[in-house]
Structures are given as C-alpha cells and as structure tokens.
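Subject: Handover of a structure and notes on its features

Dear colleague,

Please find below the structure that I am handing over to you.

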Amino acid sequence: MPVTSALWATSKRASWPHPLPTAGEISSLITWATETTMRRGEIAAMRWERLDRRARVLLIPETKNGTPRLAPLSSAALAVLDALPRRLDGRVWDMRPDSITQAFERACQAAGLRA
C-alpha cells in the first residue's frame, strides 16, 4: 500500500495528531497537511503574517500554478497552529521541503509503513 494511502487509512482509525514514534514537528505537520491539503513547498514557506485567524484562512502567495490562493482553515488546523511556538524569523515551520519529505519517510518507517 502506498504511504499516503496507508497514512490516510491509519488516520481514519485514529484521531490526529497520529502518535508517530518520531520527535520533532512531523506529527503536527502531517496533521496540518491533511487538514489543509497544502503542498510541502507551500507548508515550508508559511509565514505567521499571512494568517487571518478571524477569517480562518491562510494566504499562499506562491502556488504551483503561480496564482495566489487562500487556504481555508479547519478547527483542527487552527489547533495545530495554536500549539506551535512563534519563531523570531516569522516562519511557521523550521523545515525545508526536502526536510519535510525526509522526516515523513522516517516517520513512516518508524510506524512500520512502506513508501
């Protein structure tokens, strides 16, 4: 079973954040990704000043197709943000796109899922 399918199936059996046996931000990041359907590059580029909590949206200024968009935020997505510390540089996550992929692969291996 592909990793994304296995994680999705697992998420249906357990509530997120799914208890992954790895440290760091990956559990919160997986929850964020499933709640917002954002791409890893969009997630890595997130900045706090682009968040509009009142409207429950996040501005994504650079997308794959080049058109900015607003990502609607669920209560679960907002809960992820509430649990994160504020970074001095304004970024939300301390990960590059390739680091997200590597952390996700390590979490899948630790959870016994294959890529």
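This is a predicted model: local features need pLDDT of at least 70, side-chain atom pairs count only at pLDDT 80 or more; totals for chains, interfaces and linings use all residues.

Residues are numbered from 1 along each chain as its sequence is written, and side-chain values use heavy atoms, with hydrogens and water left out.

The sheet

Helices (H or I, at least four residues) and strands (E, at least two) are DSSP runs, numbered from the N terminus. Two strands are said to pair if DSSP finds at least two bridges between them. On these terms, three strands form an open sheet in the order S1-S2-S3, and their pairing is antiparallel. Strand S1 (51-52) and strand S3 (69-72) are the edge strands, each of which pairs on one side only.

S1 is joined to strand S2 (residues 57-60) by two bridges. Leu51 has Leu58 of S2 as its bridge partner, and Asp52 stands opposite Val57 in S2. The hairpin of S1 and S2 has four residues between the strands, and Arg56 there takes a positive phi near 60°. Val57 has Pro72 as its bridge partner in S3.

The loop at Thr63

Thr63 lies in the loop between S2 and S3. Is Thr63 buried or exposed? Buried means under 20% relative accessible area, exposed over 50%, and partly exposed in between (1.4 Å probe, protein chains only). Thr63 has 14% relative accessibility and therefore counts as buried.

Two polar contacts of the Thr63 side chain may be examined here. A polar contact is a pair of N or O atoms within 3.5 Å; within protein, one must be able to donate a hydrogen and the other to accept it, and residues adjacent in sequence count only if both atoms are side-chain atoms. The side chain of Thr63 makes such a contact with the side chain of Asn65 at 2.8 Å, and it reaches the backbone oxygen of Thr67 at 2.6 Å. Contact in the wider sense means heavy atoms within 4.5 Å. Leaving aside residues up to four places away in sequence, Thr63 touches Glu42, Pro68 and Arg69. The C-alpha atoms of Thr63 and Gly41 are 8.6 Å apart, although these residues are separated by 22 residues along the chain.

Salt bridges

A salt bridge is a side-chain nitrogen of Lys or Arg within 4 Å of a carboxyl oxygen of Asp or Glu. How many salt bridges does a search of the whole structure find? The search finds six. One of them joins the side chains of Glu42 and Arg69 (3.0 Å, N to O). Because Glu42 lies in helix H3 and Arg69 in strand S3, this pair ties together parts that are 27 residues apart in sequence. Glu42 counts as buried at 8% relative accessibility, whereas Arg69 is partly exposed, at 29%.

Glu49 forms a salt bridge with Arg47, with the closest N and O atoms 2.7 Å apart. Glu49 is exposed at 54% relative accessibility, and Arg47 is partly exposed, with a relative accessible area of 23%. The side chains of Arg96 and Asp98 also meet in a salt bridge (3.2 Å, N to O).

The nonpolar core

A nonpolar core is a set of buried Ala, Val, Leu, Ile, Met, Phe, Trp, Tyr and Cys residues joined through side-chain atoms within 4.5 Å. The largest such core has 25 residues, and the members that touch the most others are Trp32, Met38, Ile43, Met46, Leu73, Leu81 and Trp93. Helix H2 (26-36), helix H3 (40-44), S2, helix H4 (75-83) and H5 each supply at least two residues of this core. In soluble globular proteins, nonpolar side chains tend to be buried together. Not counting residues up to four places away in sequence, the contacts of Trp93 include Leu29, Trp32, Ile43, Met46, Val80 and Leu84.

Helix H5

The expected span of a helix is 1.5 Å times one less than its number of residues. Helix H5 (residues 97-110) has 14 residues and should therefore span 20 Å, which agrees with the 20 Å between its end C-alpha atoms. The buried residues of H5 are Ser99, Ile100, Ala103, Ala107 and Cys108. H5 is followed by Gly112, which has a positive phi near 80°.

Yours sincerely
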